[in-house]
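Please open the structure in a viewer and keep the selection tool at hand. The tour moves from one selection to the next.

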Amino acid sequence: MKYQSKVSEAVIKRLPRYYRYLGDLVKMGISRVSSKDLSARMGITSSQVRQDFFCFGGFGLQGYGYDVEYLHSEIGKILGLENTFNMAIIGVGHIGQALANFPTFEKKGFKLVGLFDVNPALVGQKIRDIEIQNFDSITEFAKHTPIDIAIICVPGMYAREVANTVIDIGVKGIWNFAPIEFHGPDDVIVENIHLSDSLMVLGYKINEFEKL
């Protein structure tokens, strides 16, 4: 069965931002927040904030606002942050190493369990006490350490082959940083990340701003 969310992609992409902002408010000791205050932080209308939350039941009382800790906790549950997901990085070049050294993932329940590459100069080295293994060993590795999410950071020409391999070992989520977009079978969710696209959007905005 193909994954289809009952919630729009735009709303889903805003949830992590809500979670971050609410986390900041929790740290500041703020107990209640209005949709107007959240909209100012998010750069959207207060009506849109309310519509987003109605997708999940509302969370607040009209005229009373939202309980910050409760809302933060509930959005965390929606995002699956109560779970722990085992992650493996395939391709431990510059992007792979940067992701491996990013500590925030584990604080959110995304645990790095494996590093894989085919470069003999990298195999055997360690990042955060995790040894880089040859990619050929990933099937055997997955037999004793299940992998929920594969992070693919390989050249585009190898990305589909790598994806097929990790799908065969039971991976259900792929975070693809390779410079090629692809999609998995119906029961595998692929998130394609295009860093250059984001940079070009920034360039467009700068260009448009300079015309004003």
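**Before starting**

This is a predicted model, in which local features need pLDDT of at least 70 and side-chain atom pairs count only at pLDDT 80 or more, while totals for chains, interfaces and linings use all residues. Residues are numbered from 1 along each chain as its sequence is written, and side-chain values use heavy atoms, with hydrogens and water left out. Helices (H or I, at least four residues) and strands (E, at least two) are DSSP runs, numbered from the N terminus.

**Stop 1: α1 and α2**

Two packed helices are described by the angle between their axes and the distance between the axes. Select residues 9-27, helix α1, and residues 35-42, helix α2; their axes lie 11 Å apart, at an angle of about 115°. This makes α1 roughly perpendicular to α2. Axes are lines fitted to C-alpha atoms, for helices over the stretch in contact, and angles run from 0 to 180 degrees between N-to-C directions. Angles under 35 degrees count as roughly parallel, over 145 as roughly antiparallel, 65 to 115 as roughly perpendicular and the rest as oblique.

From α1 come Arg14, Arg17, Tyr18, Tyr21, Leu22, Asp24 and Leu25, and from α2 come Leu38, Arg41 and Met42. These contact residues comprise six nonpolar, no polar and four charged. Here Ala, Val, Leu, Ile, Met, Phe, Trp, Tyr, Cys and Pro count as nonpolar, Asp, Glu, Lys and Arg as charged, and the others, Gly among them, as polar.

**Stop 2: α1 and α3**

On the α1 side select Val11, Arg14 and Tyr18, and on the α3 side Gln48, Val49, Asp52 and Phe53. Four residues of this contact are nonpolar, one is polar and two are charged.

**Stop 3: the largest pocket**

On a 1 Å grid over the protein atoms alone, a cavity is a set of points where a 1.4 Å probe fits but cannot get out, and a pocket is an open set with protein on both sides within 12 Å along at least five of seven lines; lining residues have an atom within 4 Å of a point. Grid points are joined across faces, edges and corners, and a volume is the space filled by probe spheres set on the points.

Select Ile12, Pro16, Leu79, Phe110 and Glu191, which lie nearest the centre of the largest pocket among its 43 lining residues. The pocket holds about 1,900 Å³ of space. Which element gives the most to this lining? It is α1, with 10 residues. By class, the lining has 23 nonpolar, nine polar and 11 charged residues.

**Stop 4: the second largest pocket**

The second largest pocket contains about 240 Å³ of space. Select Val118, Val154, Pro155, Tyr158 and Val162, the closest to its centre of 13 lining residues. β4 and α8 (156-168) each give two or more residues to this lining, and α8 gives the most, with three.

Note on methods. Contact means heavy atoms within 4.5 Å.
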